Amino acid sequence: DQVLHIVPETFQQVQHLQQLCSTLLLDLWKPQLSEDIWAGEDLHIRVPAPLVQEVKDSLDQHMISYKVLIPDVQKLVDQSMPRERSSHRQVPEGYVYTQYHPMEAIYQWMTQIQKNNSELVTQHYLGKTIENRTMYYLQISQPSDKTKKIIWMDCGIHAREWISPAFCQWFVKEILQNYKSDPKISRFLQNLDLYILPVLNIDGYIYSWEKDRLWRKNRSPHMNGTCYGTDLNRNFNSSWGSIGVSYNCSSEIFCGSGPESEPETRAVAQLIERKKSDILCYLTIHSYGQYILTPYGSTTKPPSNSEELMHVAKQAAAALMGKYGTSYEVGSTSLILYSNSGSSRDWAHTIGIPFSYTFELRDKGTHGFVLPPDQIQPTCEETM
Amino acid sequence: DIDGVGQKYHLELVLEDLLDKDSTVNCTAEVLYHLGNNIPPDVQFTIEGELKNAEEADNIFYNRIKSLEKELVAENIPDSHGNVSPEMEPVHLLAWVASGYVIWQNSTENTKFQLAQIKHVKQVKRSDEYLEFDYTILLHEMVSQEIIPWQMTVLWHPQHGVQVTQ
């Protein structure tokens, strides 16, 4: 389909154009109505592909000059919109993992994933957000008679870090697509269960899609609804409120009215607390910066298993670099980034989970939070 | 540490061409943060070798804007998904350069700024040969995690470079 731009010069030309439009039922973009076509005024008509030649011939015959405003309407439509078609089908084979998806789509994706992989995947209720949305996590567990250790991974604790939920979805897809064929993954699943929370801060994520792309916190109201949001990663019970926070709701690092004041925090904390003796590793995915961060943020005093933590993290960073050459810095938050308290990673470690890491995914600031979709695949592949 | 004056840092760094990742240039710099954080840091630098010549691309962009019938106006670059249209890429790069100046003028030892997004840009018609753009940009500050909107007016000419007034 093409859109033509015509400026009729005479009344005869106007008449001819009006006739053409009504006979061929052409789509008038400007003006809306045929009777508003005037000499000397812009006319934009969309011509369906099969009629393009006929219309141009007719214009030439009548000495009406035209310009092609849009040479391919479909192409423009495809470029300007995410692939609605695939996400409507809700079949993971049709799900586009190299695009960012709104929360509605992610909810549907979780349901589909469980449906299509029911031998391995179960969807579990975790809790409710402050705006009363349901939080779910996916459990990927190979049936076995032995109790397995757990690896927990949550994404999207900060709303604007879109690459994070994208990674969680990618991760699930990779595991499920390859567990039969990839010996590493199948061995993994023989000994470990995976608990994946694709979006922790659901309300915030939705808000970043609908209202403010750079929103970070959750959406809990404070001061009679004049101020919103607690930084969920300052809200956990690990030296809560001591350093690297603000007590002011208007700040992006507002730690809330108390440790675990937020329902999202409590939902996560309660589950992890319950299962802590089986949880081997706690991972929380953020962006941006390209870091693998170890505890602690609230003190530079190293954790008890600091050597082991660093060793594993360094190996991870090396493996990551092996894929596309992306370099990640490894170290404790308080030493290589900034001080903060109340982080989920610190809390997980203090309650006894030995391996606790924050991943800050791509990039280093060139795009920051607004990482283009063509980087989803390489980011996820290397992090995998 | 320089008593009574501030903190001086000696840096060795590598500059990488954003548009040609294989093109790198070595650089040494000295940064002096003054006591009190009210004055922008002093920066001295030397570059080993030469920066790539962008004259052709600059002139293409310059002529394109000069020949526009209506002043350029745009919003949200990149968009929510991180996309920048090819026509807007130079506008984006110009903002990048100009925001570098703004960031320099406002940095202390305890800040880490990045340009997060161009919220709005409007070209201002000029009678002289310069191009003028009014930008509203969003800066992300890493330590406080704050998003700070900033207004800047940018003057540019291919041969005369960039000038920023806040």
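Predicted model: local features only at pLDDT ≥ 70, side-chain atom pairs only at ≥ 80, totals over all residues.
Where does A:Tyr291 sit? You'll find A:Tyr291 in strand S12 of chain A, which covers residues 291–294. Its neighbours are worth a look too. Leaving aside residues up to four places away in sequence, A:Tyr291 touches A:Tyr328, A:Glu329, A:Ile336, A:Leu337, A:Thr358, A:Phe359 and A:Glu360, plus B:Lys112 from chain B. Now pick out A:Leu335, 44 residues from A:Tyr291 along the chain: the C-alpha atoms of the two are separated by 12 Å.

Next, hop over to a pair of helices in chain A. Helix H6 (residues 163–178) of chain A packs with helix H13 (residues 376–383) of chain A at an angle of about 60°, and their axes are 10 Å apart. H6(A) and H13(A) are therefore oblique to each other, and H6(A) passes H13(A) in a right-handed crossing. On the H6(A) side, the contact is made by A:Ile163, A:Ala166, A:Phe167 and A:Trp170; H13(A) brings A:Ile376, A:Gln377, A:Thr379, A:Cys380, A:Glu381 and A:Thr383.

Finally, turn to chain B. An unreviewed UniProt entry carries the annotation "domain: Cystatin LXN-type" for residues 1–56 and 73–166 of chain B. Over residues 73–166 of chain B, the chain is 19% helix and 47% strand, and the end C-alpha atoms of that stretch are 19 Å apart.

How values were computed. Residues numbered from 1 in each chain as written. Chains lettered and ligands numbered in written order. Heavy atoms only, no water. Helix = DSSP H or I, 4+ residues; strand = E, 2+ residues; numbered from the N terminus. Contact = heavy atoms within 4.5 Å. UniProt positions renumbered as here; feature names shortened; annotations may be inferred. Axes fitted to C-alpha atoms, helices over the stretch in contact; angles between N-to-C directions. Parallel < 35°, antiparallel > 145°, perpendicular 65-115°, else oblique. Left-handed = near helix turned anticlockwise from the far one by under 90°.
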